[in-house]
Amino acid sequence: MSEENRENSLLDAWKSPPEAGAPIGCFATSFTFDSVFFEEECLGRFLDLESDPSESAAAYIIEREEKLSGLVCAVALVDQHHCRGGRSLRWDLLPARLRGGVLHAKVSILHWAGYTRIIIGSANLTPSGYRKNREVFAVLNYYTECETPSICLKETIDFLRTTIEQTCGDVNTPSIQRCVDFFERVVADSRKWGEPEQGRAEVKAFTVFSAPGHQSVLNQIHDRWPYQQQPPCDAYVTSPFFDVGKENRPAIEMWKILRQRGNASLTFNVCGEINDNEVVLQAPKSIINAQPTGRPGVETIIELLNEYSGQDDEITKAYRPVHLKTIWLENDYGYAYLIGSSNFTSKGLGLDKQRNIEANLLFTTNRYNTLAPAYLNGKELDEKIKKIWQETISDETDEKLAGLALLPDGFRNAVYSCDSVQGGTLLLELGKDLPADWQVKLPGSHEVILTGVSWKASGCPTTNRILLKESIPPAGLEVSWPAAGNATAWWPVNAQCGAVLPPPDELKSLSLDDLIEILGSARPLHQLIRRFQRRKANDIVAGGSAEIDPHKRVDTSGFIIQRTRRISWAFRAMREKLEKPYATKESLDWRLYGPVGVQALVHAIDREGQSDSERAFLLAELGLELSRVKPGQALNGLRPEDVSEKLRNFIKTLDVRAQAIQLSDTPDMRDYICNVFKEAGK
Amino acid sequence: MAYKESFLPSLSKWDPEESSEGSIDPLGHYPIAENLAEHLATGIRQRQSHPRMLTCMAVGAIICSDFEEDVLTRDGITEPWQIYEWYVVEGLVRSFDGNDLSGLPGLDKVRRANKEKIPVSAKTYLKTPGTFGFHGVYRVLAENLGIIRDSRISETGVNLVIAWEKEQHMNGFYNGSEGPGVEKRKLIKKAIIDSLQSGKVERPAGWNGWEFIATYLAPYKFGGNEAEILANALTNRKNPLRAEIINFVISNRAQKIWEKSESERDIHSALISNGSSPEMRSLLAAIQSYESFSRLIDDAFNFSLHIMTKKRGKTSVSELAKSSAVKTAAKNVPGIYKQVVNSLAPLSLATQFEHTFGVFVQELSPSDWVALLIEHHRKIQKNKPPGGKAAWIEQDIDGGLVVRPQYRIDEPPEQSEEYVHYYRTRPITDFFRDLGRIKT
């Protein structure tokens, strides 16, 4: 086929496009999964993080937490066999539990205020999937006046909603509710994006999903083939995995799609290794045996895929395992090309009763050069070479999955919450299907927080409240039981909401001076914190921060003036920041109630105000400044009147707080405070 | 492809990790090796290769001194020095091919943006430019040599810019009085101001600033005094060990060894036999013993990954223990451990070593030893910032070990006596080749 391939970086697809606007949220599915990779590489790009975790962990955490806190949601829905790993609880990890199959789809929806992107392909959310393997994918972009078929976005969201219902059990949990809100937001924002009709398009795109209750993938391809009177005559299948056993149902069904009279061919691109006069093929012989018998003009061709890329020298040669899954169909009139997650297996193509959840895209065209560059060519084998068939078992088969400790269904939801009275709490929801003698531990510790014995002794409650000693919420819990042997299953924990999560250590109890500097600076928060840390380190090196200039010690009047001036300046700068548009209500909450928000400033004034008068005065000034905020309007963001309403409520709390301060000795100040809040309340 | 352009399918590109030095360090060797290298050649990093970038930083610091400290692009992301970096890299990319610029940070990103006709910006440039851009890569050295301090020009930097100004006929550049340098400084500053508004490079192909960058800031185009200032700064007596290693590495004798074997162990052995200072002998002895230790456990780990890869399924500890690398390590590591502790003690690194590798003092059977090695690896991964990383090896419910796909090693690892880590011979050679002190 094509001489030159079209190759792109999968990770680049996670980067925000120019003029996309603020990130709103993302939702991704995967079969295998690496939580650290997803958080640092995928979410890092989606959020435009500029700090590097290995260079400055503190700056990275602050930037990550700040940017994640402004999202409606960030979610990875991962097949239960691979749903584990440490992470920030500001994004959700949901296990997909499917009986008789696996969640094998690799779909990501990224949504910014002015842009939605869907990525569908064969790559799992792991470093090997995204960086090393040979994978195939397509990126569908939606924005004002784009020509991408809008039906694909609608169908993808419907598919993901259904997948959650089929695999996540209780849909009333906070994390599922965040997903629901996110999908609603995408639908609302993208209502006018995309092309509703594909009639004249040079290349048409269709979603081809497979799940319990769906038509098989091959049937869907057949239905979408644009020339129903002229079936395709040649098919090319690329897959790293096939069914094992004597009969190959996918190959038999494939032949049924091809034309039933005249010449027809089915080519399999398979991996393998040539040794002297023989080739070991990673495929079962049954793919050959599926060819119709007694019919002239039909042919099964085996081509060998090269798993090395680059030049043939040691330096540039890279081993790139083939993990892509494609089906190419053609005749004299046109072409169809299926890409996505479906291996050429019965479960992958939805031919069995027990089937996987899969996501694919089908492209049709009569222009060969539009699709061919995304096809990976194999090399035809010499007829004389001896073929040795080696059946490779797919990672999604029962045999491979049996080795993994799977969290029993009875362990339903684990939710982290926190309040000022009880501190950090885990709400563990348990059902019926539990193994004997189980115990639940905090990760990496020997601390058992719940056992089957204690649970039974307390009457087998559905909801179990566990108070945590540590302030850091766990990303998951380790569940073990004797039948699981040495291994432990992972029970992901998700947060009740962003507000219950503790801020990064560096943002806890910042001083009034630090907050004033943060509010008054145009620099990003993580850069400022890094600057504070450097300054503190320099102070330590210099022998502490004690003032050594005797002249500065006596200049207290200047200090008061400077302080008031700095605070006024910081309030003004804060107002300007508050006037910037809000893409989500979560981002407004962060600016008001986050660790460097207005509420934190109020606490710092309470804590560090030098007198009651000063405290009351600063609260009044703050209220006045908030009343002057003229919120901006973000594309698809919060309405200015809603922001103003929230600010008015905040000012009322300031008023109450200021009125509670004893100012009987300073009646002028008391009158001033009253007048200011009257003015601010208008 | 700009993803906005079309929804056509694509194959995935090989996309190796762009990581900071040492972030991929499954056994936790790197921090001590890095500390030793820092003792040996302070400020020099393995990924540095062109000392002219130090001049570029000094010139940039002069231009950016015209901006207030808190000035950022309108999106609140990028500082003026970063924008200056975009312009420098793009200017070089527009004028030179890849071979001339090898080792220039940001090269691929800018080349790609140019190819796709997208302006360079925070979105198209490096993911963490403060670390991986040339300012990030050379910042520690520039501060150590007194070229910049907290992004502002410092004493050596001033001398460097004045020498550069004179030799490049850029009079007026430094003090802004009069001469052709004044215009060039304004030219770049104006471009930065425009980019601060838009957050992206704002100059077309025909802009004469590109020519200025290519002509006056290219990696190899040193003036004599400029090169002299940098060479002197790198070899001055304030840092005697760095001066000693550089003076030896650039000698004919060392260069012959380097050309022949590219072996840092050979270079260091030759320096010891060459009559090095007692401090240098002590440091090199520490490096050699630490590298012998690292080599043993590194080989054992890599062979274990290879065995697991070949098996394509669960592997037991006893199967790993059969490899010669594991047997050799189990036998020799406890003895070498004590040598390493003794040699690191004068450098105040012994405690750190014992804290990280203390478990390896025990004499164990190969099976027990390799189990300990895998446990050590898990612990190292778990403690990586910010929240730990997954181990490369997974354990099955029956105790079987499986290597995670991205860490498979298909070919048998090569066994050698070479160091596992780098001790700056290559960047020193590259630097002094650029500075004209080593003839190619």
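R161(A) and D158(A) sit three residues apart in helix α4 (residues 150-167) of chain A, which puts about one helical turn between them. Helices here are DSSP runs of H or I with at least four residues, strands are runs of E with at least two, and both are numbered from the N terminus. In an α-helix there are 3.6 residues a turn, so residues three or four places apart point the same way. The side chains of R161(A) and D158(A) meet in a salt bridge, N to O at 3.9 Å. A salt bridge means a side-chain nitrogen of Lys or Arg within 4 Å of a carboxyl oxygen of Asp or Glu. R161(A) is partly exposed at 30% relative accessibility, and D158(A) is partly exposed with 30% as well. The classes are buried for under 20% relative accessible area, exposed for over 50%, and partly exposed in between, with a 1.4 Å probe and protein chains only.

Before going on, the conventions. This is a predicted model, where local features need pLDDT of at least 70 and side-chain atom pairs count only at pLDDT 80 or more, while totals for chains, interfaces and linings use all residues. Residues are numbered from 1 along each chain as its sequence is written, chains are lettered from A and ligands numbered from 1 in the order in which they are written, and side-chain values use heavy atoms, leaving out hydrogens and water.

Back to salt bridges. Over all chains, the whole structure has 51 of them. In chain B, D299(B) pairs with R295(B), the closest N and O atoms being 3.0 Å apart. These two lie four residues apart in helix α14 of chain B, about one turn of the helix, and both D299(B) and R295(B) are buried. E38(B) bridges to R45(B) at 2.8 Å between the closest N and O atoms. Here E38(B) is partly exposed at 23%, whereas R45(B) is buried at 18%. In chain A, a network of salt bridges links E39(A), R64(A), E65(A) and R90(A).

Next, the cores. A nonpolar core is a set of buried Ala, Val, Leu, Ile, Met, Phe, Trp, Tyr and Cys residues joined through side-chain atoms within 4.5 Å. Which residues touch the most other members of the largest core? They are L36(B), Y84(B) and W369(B), in a core of 127 residues. Helix α14 (residues 278-311) of chain B supplies the largest share of this core, 14 residues. Apart from it lies another core of 94 residues, including L10(A), F209(A), C271(A) and L376(A). Leaving out residues up to four places away in sequence, the contacts of L36(B) include L283(B), A286(B), I287(B) and Y290(B), along with L344(B) and Y423(B). Contact means heavy atoms within 4.5 Å.

One helix of chain A shows its packing in detail. The buried residues of helix α7 (residues 249-257) of chain A are P250(A), A251(A), E253(A), M254(A), W255(A) and I257(A). Among the elements covering them are α6 (217-224), β10 (264-270) and β16 (326-330) of chain A.

Now the interface. The contact between the chains takes 81 residues from chain A and 48 residues from chain B. About 5500 Å² is buried between chain A and chain B, with carbon and sulfur atoms giving 50% of that. Buried area is the accessible area, with a 1.4 Å probe, that two parts lose on being put together, summed over both. On the chain A side, N8(A), R131(A) and R523(A) lose the most area to chain B, together 12% of what that side buries. Five salt bridges are counted between chain A and chain B. R112(B) and D12(A) meet in a salt bridge at 2.4 Å, N to O. Strand β7 (residues 136-142) of chain A gives the largest share of the side of chain A that touches chain B, six residues.

Last, the backbone. Most residues other than glycine have a negative phi, and most peptide bonds are trans. The bond from P385(B) to P386(B) is cis, with omega near -5°, and P386(B) is in the loop between α18 (366-382) and β4 (393-395) of chain B. H169(B) has a positive phi, near 55°, and is exposed at 60%. R424(B) also has a positive phi, near 80°, but is buried at 1%. R424(B) is in the loop between β5 (401-403) and α19 (425-434) of chain B.
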